[in-house]
Amino acid sequence: MSSCCVIIFKWAIYCVLVHLQLLLKMHHTSAANAICLRLAETAKANGIDFYKYLVTLMTELPNLPIQQQPEILKNYMPWSKKIQATCAK
């Protein structure tokens, strides 16, 4: 992976952590970091390209009515058929 890609990837992880912290109203970045790392490991265990997965989450989730229909999130879990089809390695 080129150094430019690594920088972009690290920036994307940072953005996810900040976003998670805001969404979950956490006061501890370490908790948000733990969630992100768990998400990355779960994606890896399910054969998902984590970068593609992050891009999918960050582009699609903001446009969905998650507050009114939280069951929508099931379609965005790393083991879901939708994510397996779009983000598999």
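**Close-up 1. A salt bridge joins Glu60 and Lys82 in the predicted model.** The two side chains meet at 3.1 Å, N to O. This pair links distant parts of the chain. Glu60 sits in helix α3, and Lys82 sits in helix α4. They are 22 residues apart. The structure holds one salt bridge. Glu60 has a relative accessibility of 28%, so it counts as partly exposed. Lys82, at 32%, is also partly exposed.

**Close-up 2. Asp49 caps the N-terminal end of helix α3.** A side-chain oxygen of Asp49 lies 3.0 Å from the backbone nitrogen of Tyr51. The helix itself covers residues 50-60.

**Close-up 3. The buried residues of α3 line one face of the helix.** These residues are Phe50, Tyr53, Leu54, Thr56 and Leu57. Viewed down the axis of α3, they fall within an arc of 160°. The spacing follows a general rule. An α-helix has 3.6 residues a turn, so residues three or four places apart point the same way.

**Close-up 4. The largest nonpolar core has 12 residues.** Its members are Cys36, Ala40, Ala43, Ile48, Phe50, Tyr53, Leu54, Leu57, Ile72, Tyr76, Ile83 and Cys87. Helices α2 (29-45), α3 and α4 (81-87) each supply at least two residues of this core. The largest share, four residues, comes from α3.

Close-up 5. Thr59 has a relative accessible area of 46%. Buried would require under 20% and exposed over 50%, so Thr59 is classed as partly exposed.

**Close-up 6. Ser80 is a buried residue in the loop between α3 and α4.** Its relative accessible area is 9%. That value is under the 20% cut-off, so Ser80 counts as buried. The side chain of Ser80 makes two backbone approaches, shown here. It reaches the backbone oxygen of Asn75 at 2.8 Å. It also reaches the backbone nitrogen of Ile83 at 3.3 Å. Ile83 is one of the residues of the largest nonpolar core. Leaving aside neighbours within four places in sequence, Ser80 is in contact with Lys74 and Asn75.

Definitions and conventions: Residues are numbered from 1 along each chain as its sequence is written. This is a predicted model: local features need pLDDT of at least 70, side-chain atom pairs count only at pLDDT 80 or more; totals for chains, interfaces and linings use all residues. Side-chain values use heavy atoms; hydrogens and water are left out. Buried means under 20% relative accessible area, exposed over 50%, partly exposed in between (1.4 Å probe, protein chains only). A nonpolar core is a set of buried Ala, Val, Leu, Ile, Met, Phe, Trp, Tyr and Cys residues joined through side-chain atoms within 4.5 Å. The arc is that of the directions from the helix axis to the C-beta atoms. A polar contact is a pair of N or O atoms within 3.5 Å; within protein, one must be able to donate a hydrogen and the other to accept it, and residues adjacent in sequence count only if both atoms are side-chain atoms. Contact means heavy atoms within 4.5 Å. A salt bridge is a side-chain nitrogen of Lys or Arg within 4 Å of a carboxyl oxygen of Asp or Glu.
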